[in-house]
Amino acid sequence: MSADFDLIFGLHSIAAALKNPARSHMKLVATDEGLQELQKKHRIVPKNYNVKTDILSSHALQEQAKKLCAHLDLDFTRVPSGIYLQTSPIQTYTLQEYLKRPDARLLALDQITDVHNGAAILRSACFYGVNGVLVPSEKSFGLTPSFYRIASGAVEYVNLIRVNSLSRAVGQLNEAGYLTVGLSEHSSENLTQNELRSQNKICLLLGAEETGLSNAVARLVQKNMSLPSQGEIKSLNVSSAAAIAMEKCFGI
């Protein structure tokens with residue numbers, strides 16, 4: 001069952017969500033200090049964004065947030081900066097909306113369940129101008145308050161594309177003229193940046209840190225790309241590897 005609201009922690013993420021016209025805001029809850037910090041750092045005046053603002057003590061704010069987390073069936077983590085936003089769920093998209101586009105930069109995440117990795121990857125995707133991120137309905141990270149905090153507002157600018165089957169989605173992308181590229185530490189293919197950046201429609205696929213791309217997805221990608229180590233450490237955290245791979249695919 002989908003959540004009936006999003007709970008957002010983190011000043012950057014709250015500011016970005018308030019500025020998103022696709023959201024309908026329910027309530028901004030803050031301590032006096034938290035609201036002042038939001039106004040000072042992001043020049044946000046809540047009344048300009050049609051959002052009700054409640055000022056509470058620090059203890060009362062944490063207790064209210066705890067109840068909302070329980071409603072969403074989430075583990076409670078302490079609210080940072082004395083402020084949180086309760087707002088409508090983020091809009092998600094279908095793959096069909098991207099298949100006929102003449103150009104697009106897409107990212108697909110296969111079995112990436114860790115919130116910290118997922119959020120860091122979204123932030124890098126926003127930095128590199130990725131248009132959309134394919135996220136499977138199962139075996140993926142959730143859009144928790146911690147996810148929003150770590151993503152630092154990126155979710156408001158990079159479209160999330162929900163797919164039931166990532167392998168089926170890769171097949172559709174191939175048929176639609178996308179170059180699908182899987183990041184694999186075992187690849188011996190020598191893809192050049194010129195080859196990658198000459199593509200108008202490209203989808204970079206990233207797998208779980210321990211296992212990489214699932215077999216069902218790996219057998220469908222057209223090309224594979226690796227990141228050769230130049231030192232004693234032979235592998236990277238998936239969010240770090242994602243940023244380097246995006247630089248190769250989408251960098252200037």
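A: Two residues are in contact when heavy atoms of theirs lie within 4.5 Å. By that rule, and leaving aside its neighbours within four places in sequence, serine 146 is in contact with Thr77 and Val115. The model is a predicted one, in which local features need pLDDT of at least 70 and side-chain atom pairs count only at pLDDT 80 or more, while totals for chains, interfaces and linings use all residues. Residues are numbered from 1 along each chain as its sequence is written, and side-chain values use heavy atoms, with hydrogens and water left out.

Serine 146 belongs to helix α6, which covers residues 145-151; helices (H or I, at least four residues) and strands (E, at least two) are DSSP runs, numbered from the N terminus. Because its relative accessibility is 17%, serine 146 counts as buried, a word that means under 20% relative accessible area, with exposed meaning over 50% and partly exposed what lies in between (1.4 Å probe, protein chains only).

Burial also marks strand β10, residues 201-206: six of its six residues are buried, so the strand is largely enclosed by the rest of the structure. Lys201, Cys203 and Leu205 point one way from β10, whereas Ile202, Leu204 and Leu206 point the other way. In a regular strand the side chains alternate between the two faces of the sheet.

Two strands pair if DSSP finds at least two bridges between them. Strand β6 (residues 104-109) runs parallel to β10 and is joined to it by six bridges, and leucine 109 has leucine 206 of β10 as its bridge partner. Strand β9 (residues 179-183) is likewise parallel to β10, with four bridges between them, and here threonine 180 stands opposite cysteine 203.

Elsewhere, four strands form an open sheet in the order β1-β4-β2-β3, with mixed pairing. The edges are β1 (6-9) and β3 (53-55), each with a single partner strand, so one side of each is left without a neighbour in the sheet. Neighbouring strands of this sheet are turned by 20 degrees against each other on average, direction ignored; axes are lines fitted to C-alpha atoms, for helices over the stretch in contact, and angles run from 0 to 180 degrees between N-to-C directions. Strand β2 (residues 25-30) pairs with β3 in the parallel sense over three bridges, and alanine 30 stands opposite isoleucine 55 in β3. Helix α3 (residues 58-71) packs on this sheet, touching β1, β2 and β4, and its direction makes about 35 degrees with that of β4.
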